[in-house]
Amino acid sequence: MSRKVLRAPIELGGLALPNMQTIQDQKGMVNVMRQLQLGKEIATDFTILLAQPQLDSGLVHPILDKTYIDISYIEPGMIVHLHDRLDALDGSIVIENQWCPKLQRIHDESIMEKISKLPGVKPREVQHTNQCRKYMRVITTSQLDSMDDGGRNPDCDGRANHLQRALCGTPFEDSLREHSAPEI
């Protein structure tokens with residue numbers, strides 16, 4: 001039997017069998033929500049488990065709340081799968097007191113959110129940018145803009161200045177020279 005016959009509604013002569021992935025995801029999401037509502041040991045473990053992909057993603061918004069933002073550049077796992085399924089269903093899970101990095105200044109923005117919005121960026125380039133960002137220990141554009149030149153990763157091939165220019169316009173020192181008061 002073809003899948004169309006298996007999945008089609010009974011009114012159209014099908015068997016109306018649901019997709020197993022959909023059933024598993026529904027039960028998994030209900031289980032996560034139940035555990036979070038109970039607030040016991042498993043909920044604490046889940047929020048701790050959620051903090052690592054949150055940090056790896058480099059986003060300042062909760063990753064299960066803003067599911068429309070692509071996080072395919074981080075390691076796959078349960079949280080990433082849950083994020084992707086919520087995105088496919090146009091859903092979200094709001095978790096109280098979830099840890100998220102904070103914005104540092106006015107008009108500050110997440111580096112990875114800004115990179116993911118750029119047109120024509122390849123997935124491998126986004127992964128490489130995320131690895132460099134994690135090595136430099138920055139999350140927001142203001143942290144990148146105020147960095148000094150010491151201690152950069154040689155594997156990033158000196159792309160930190162390129163990253164600064166792409167995200168912030170120019171490196172911090174150049175922007176200070178451009179906007180300084182004229183000499184008299």
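The model is predicted.

**Overall fold**

The protein chain has 9 helices and 0 strands. Read along the sequence, the pattern is α-α-α-α-α-α-α-α-α. Of the 184 residues in the protein chain, 34% are buried.

| Helix pair | Angle | Axis separation |
|---|---|---|
| H2 (residues 20-38) and H4 (residues 78-88) | about 110° | 11 Å |
| H3 and H6 (residues 123-136) | about 105° | 9 Å |

Take H2 and H4 first. Their packing angle is about 110°. Angles of 65 to 115 degrees count as roughly perpendicular, so H2 is roughly perpendicular to H4. On the H2 side, the contact is made by Gln21, Thr22, Asp25 and Met29. H4 contributes His81, Leu82, Arg85 and Leu86. By class, the residues of this contact divide into 3 nonpolar, 3 polar and 2 charged.

Now H3 and H6. These helices pack at about 105°, which makes H3 roughly perpendicular to H6. Leu55, Asp56 and Ser57 in H3 meet Asn130, Arg133 and Lys134 in H6. The residues of this contact divide into 1 nonpolar, 2 polar and 3 charged.

**Helix H4 and its buried residues**

Which residues of H4 are buried? They are Ile79, Val80, Leu82, His83, Arg85 and Leu86. The list includes a histidine, His83, and an arginine, Arg85. An α-helix has 3.6 residues a turn, so residues three or four places apart point the same way.

What do the buried residues of H4 pack against? Their partners are H2 and helix H3 (41-57). Leu82, Arg85 and Leu86 are among the buried residues of H4, and these residues also take part in the contact with H2. H3, in turn, packs with H6.

What follows H4, and is its phi positive or negative? Asp90 follows the helix, and the phi of Asp90 is positive, near 60°.

Notes:
Residues are numbered from 1 along each chain as its sequence is written. This is a predicted model: local features need pLDDT of at least 70, side-chain atom pairs count only at pLDDT 80 or more; totals for chains, interfaces and linings use all residues. Side-chain values use heavy atoms; hydrogens and water are left out. Axes are lines fitted to C-alpha atoms, for helices over the stretch in contact, and angles run from 0 to 180 degrees between N-to-C directions. Helices (H or I, at least four residues) and strands (E, at least two) are DSSP runs, numbered from the N terminus. Angles under 35 degrees count as roughly parallel, over 145 as roughly antiparallel, 65 to 115 as roughly perpendicular and the rest as oblique. Contact means heavy atoms within 4.5 Å. Ala, Val, Leu, Ile, Met, Phe, Trp, Tyr, Cys and Pro count as nonpolar, Asp, Glu, Lys and Arg as charged, and the others, Gly among them, as polar. Buried means under 20% relative accessible area, exposed over 50%, partly exposed in between (1.4 Å probe, protein chains only).
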